[in-house]
Amino acid sequence: MRNNILKSVLFALLSLVVVCGCRVSYSLSGASIDYNTTKTITLETFSNRAAYQWAPMAPMFNNTLSEKYNSQTKLRQVKRDGDLMLSGEITSYDQTNKSISADGYSSMVQLRMTVKVKFVNNKLHKDDFEKTFTASREYDASQQLSTVQEELVQQMIDDIVDQIFNATVANWR
């Protein structure tokens, strides 16, 4: 009987040590950041260097990028010398005919946006990269670009910002 009690106490202590020694970490945002070492991020202004220009695009992109890191991380945004640094530019914005109808006219148009990004992790330089991210959307050629442009550009920006976020702090490369 005494042996059984001793075994039970020993088992309980061993279980307690194992449970206390384990740590479960999760994040609903998908970010995997060590906030003990990484506390700040610098987001430089991305300029629009695309041959085809649409004036609201760069501000929309910069605002969406900033909002993503504000809402889904605890990183404090600083003007310079952040632990993480993002810079880049919109390099391409164009449209192409995607499909032709039976009468020989375009029936679908593809709108495409490309952003070149330089990422520097001042805490772990092996994570640094320069990469290009692209997104596209299609619209019916019977519509004027001016009527669908803002919505489609925002969708492409959301897609590209998600790609950038995943490549930088979610480590989904």
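**View 1. Ring pairs link F119, F129 and F133 into a cluster.** Rings of Phe, Tyr and Trp (its six-membered ring) are paired if their centres lie within 6.5 Å; planes under 30 degrees apart are called stacked, over 60 edge-to-face, and the rest tilted. By this rule the count comes to five aromatic pairs. K131 lies over the face of F129, at 5.7 Å from the ring centre; a charge sits over a ring if NZ of Lys or CZ of Arg is within 6 Å of the ring centre and within 35 degrees of the ring normal. The model is predicted: local features need pLDDT of at least 70 and side-chain atom pairs count only at pLDDT 80 or more, while totals for chains, interfaces and linings use all residues. Residues are numbered from 1 along each chain as its sequence is written, and side-chain values use heavy atoms, with hydrogens and water left out.

**View 2. The whole chain has three helices and six strands.** Helices (H or I, at least four residues) and strands (E, at least two) are DSSP runs, numbered from the N terminus. From that terminus on, the elements run α-β-β-α-β-β-β-β-α. Of the 173 residues, 36% count as buried; buried means under 20% relative accessible area, exposed over 50%, and partly exposed in between (1.4 Å probe, protein chains only). Contact means heavy atoms within 4.5 Å. Among contacts in the chain with a separation of 6 or more, 70% are between residues 24 or more positions apart.

**View 3. The largest nonpolar core has 40 residues.** Such a core is a set of buried Ala, Val, Leu, Ile, Met, Phe, Trp, Tyr and Cys residues joined through side-chain atoms within 4.5 Å. The residues with the most contacts inside this core are F61, L65, Y69, Y93, M113, V153 and I164. At least two core residues come from each of β1 (40-43), α2 (57-72), β4 (84-100), β5 (106-121), β6 (129-140) and α3 (145-168). Helix α3 gives the most, with eleven residues. Leaving aside neighbours within four places in sequence, I164 is in contact with F61, L65, Y69, L86, V117 and F133.

**View 4. Helix α2 packs through its buried residues against β1, β2 (47-48), β3 (76-77), β4, β5 and α3.** The buried residues of α2 are M57, A58, M60, F61, N62, T64, L65, S66, K68 and Y69. The expected span of a helix is 1.5 Å times one less than its number of residues. For the 16 residues of α2 this gives 22 Å, and the end C-alpha atoms are 22 Å apart, so the two values agree.

**View 5. K68 lies over the face of F165, at 5.2 Å from the ring centre.** K68 is in helix α2 and counts as buried because its relative accessibility is 15%. Not counting residues up to four places away in sequence, K68 touches T73, V161, D162 and F165.

**View 6. Two aromatic pairs, F46 with F61 and Y52 with Y93.** A pair of aromatic rings is described by the distance of the centres and the angle of the planes. The F46 and F61 pair is tilted, at 5.1 Å centre to centre with 55° between the planes. This pair links distant parts of the chain, with F46 in the loop between β1 and β2 and F61 in helix α2, 15 residues apart. F46 is buried at a relative accessible area of 1%, and F61 is buried at 0% relative accessibility. The rings of Y52 and Y93 have their centres 5.2 Å apart and their planes at 20°, so the pair is stacked. Y52 lies in the loop between β2 and α2 and Y93 in strand β4, so this pair ties together parts that are 41 residues apart in sequence. Y52 is partly exposed at 37% relative accessibility, whereas Y93 is buried at 2%.

**View 7. The side chain of T114 makes a polar contact with the side chain of T134 (3.3 Å).** A polar contact is a pair of N or O atoms within 3.5 Å; within protein, one must be able to donate a hydrogen and the other to accept it, and residues adjacent in sequence count only if both atoms are side-chain atoms. T114 is in strand β5 and counts as buried, at 10% relative accessibility. Beyond residues up to four places away in sequence, T114 touches E89, I90, T91, S92, T132, F133 and T134.
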